[in-house]
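Try each task by yourself before you read the solution.

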Amino acid sequence: MNGHNEQNLKELFGKFLSNEQADKAVGDVQRAEQILREYPAPEPDAELIFDIKSRITTKVLHRRADVFTEIVYRATIVAAALMILTAIGLKLFDRGPTGTAEYASIIPNVLWESNDITADDMDLLILTAEIEQIEEQARTLLLGENGGNGERDMMELEIELVAIEVGFWKE
Amino acid sequence: MTEIKDLAQIIAGCKNGDAECFSQVVDMYASRCYGYFYRLTGNKDVSDDLLGELFVKLAEKISSYKGRSFEGWLFKIASNIFHDYLRRKQRWTRLLQVRKRHVRTETTELGQLDSERIDRLQVELGNLDKDTRELIMLRFYSQLSFKELAKMRSEPIGTTLSKLHRGLRKLRELMEG
């Protein structure tokens, strides 16, 4: 215990006591501290020191483990929060293309995509057949192949054609 | 200056959780802190417990140390631990009194001292009042300046100086008488 900090005891006592009293006070302190040095306290046992160091090491290791666990815990919370925010963001802002509207066609796509419309609709098939038949009759009349009254036959054909057309659209 | 730098490095290591640095702090201060506890309690077993408690507490609180006087900080913890011990002891004593047992409570009474190890200094310290005894031990083992002691005790430096002087003078008279 020789390492007391270097402070001038006399100067310190001199702030409160006379010069003579300060000298005496310094002497009292120094003599008493000399007595304390002459009666050293027992030293702690080596086993005690070893035990203390072990306890501190255990505590430090536990604290490190606690810090690591806390970091992982916090990182998990942050990651979960980010995932939730991302999901909410996608729901809020990703509503698909804007400014365009899609309408369902009343005509099946297969009809639009087909190149053979007559095969897709029985009515159209019949109409087409009738038209082809009338065209054939008209061609025969125009060529005079049947030898009959051409003008009257053409008129009957036209009437028949109109009737077919009206009947078709009525259905 | 080198010693101060070394201590600063050791404390920095402690703050980083380096067990080896804690071990060095124990080696550096165990003897002084043990002397402080022993001279106040006069009991080796109690001093063992208090010393262990002190360094475990140091390991817990090292992050709160802000770089002022390390001895001042360490012995403030030691002083708090000693006062906690006194409070526990007083509670225990009251409990025993309720049970109609006669237990002597003074910390420095011979009945509680290590009879084999007791020296004259320990006996005469028991004749000082508790506060003066603690101040003398704090000054001697912590090696703090009067200014630091006064700050720790939250009292004017003149008061600390006066109490210490009177206490040491009385101790000297007792030892030389």
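**Exercise 1. Is Asp28(A) buried or exposed, and what does Asp28(A) contact?**

Step 1. Find the element: Asp28(A) sits in helix α2 of chain A. Helices here are DSSP runs of H or I with at least four residues, strands are runs of E with at least two, and both are numbered from the N terminus.

Step 2. List the partners. Leaving aside neighbours within four places in sequence, Asp28(A) is in contact with His165(B), Leu168(B), Arg169(B) and Arg172(B). A contact means that the two C-beta atoms, placed from the backbone, lie within 7 Å.

A word on the source: this is a predicted model, in which local features need pLDDT of at least 70 and side-chain atom pairs count only at pLDDT 80 or more, while totals for chains, interfaces and linings use all residues. Residues are numbered from 1 along each chain as its sequence is written, and chains are lettered from A and ligands numbered from 1 in the order in which they are written.

**Exercise 2. Which helix supplies the largest share of the side of chain B that touches chain A?**

Step 1. Start with the totals: 33 residues of chain B are in contact with 33 residues of chain A.

Step 2. Look at the elements. On the chain B side, α2, α3 (44–61) and α8 (157–176) each supply at least two residues.

Step 3. The largest share, 10 residues, comes from α2(B).

Step 4. Sort this side by class: 17 residues are nonpolar, 9 polar and 7 charged. Here Ala, Val, Leu, Ile, Met, Phe, Trp, Tyr, Cys and Pro count as nonpolar, Asp, Glu, Lys and Arg as charged, and the others, Gly among them, as polar.

**Exercise 3. Which residues have the most contacts inside the largest nonpolar core?**

Step 1. A nonpolar core is a set of buried Ala, Val, Leu, Ile, Met, Phe, Trp, Tyr and Cys residues joined through C-beta atoms within 7 Å.

Step 2. The largest one has 43 residues, and Cys33(B), Phe37(B), Leu51(B) and Phe55(B) have the most contacts inside it.

Step 3. Two or more residues come from each of α2 (19–38) and α3 (46–93) of chain A, and from each of α2, α3, α4 (70–98), α6 and α8 of chain B. With 10 residues, α2(B) gives the most to this core.

**Exercise 4. How do α2(B) and α6(B) pack, and how do α6(B) and α8(B) pack?**

Step 1. Helix α2 (residues 19–41) and helix α6 (residues 130–142) of chain B pack at about 165°, with axes 9 Å apart. Axes are lines fitted to C-alpha atoms, for helices over the stretch in contact, and angles run from 0 to 180 degrees between N-to-C directions.

Step 2. The pair α2(B) and α6(B) is therefore roughly antiparallel. Angles under 35 degrees count as roughly parallel, over 145 as roughly antiparallel, 65 to 115 as roughly perpendicular and the rest as oblique.

Step 3. On α2(B), the contact uses Arg32(B), Gly35(B), Tyr36(B), Arg39(B) and Leu40(B); on α6(B), it uses Arg133(B), Glu134(B), Met137(B) and Tyr141(B). By class, this contact has 4 nonpolar, 1 polar and 4 charged residues.

Step 4. Helices α6(B) and α8(B) pack at about 95°, again with axes 9 Å apart, and are therefore roughly perpendicular.

Step 5. This contact joins Thr132(B), Leu135(B), Ile136(B) and Arg139(B) of α6(B) to Lys163(B), Leu164(B), Gly167(B), Leu168(B) and Leu171(B) of α8(B). Its classes are 5 nonpolar, 2 polar and 2 charged residues.

Notes:
Buried ≥ 20, exposed ≤ 12 C-beta atoms within 10 Å, placed from the backbone.
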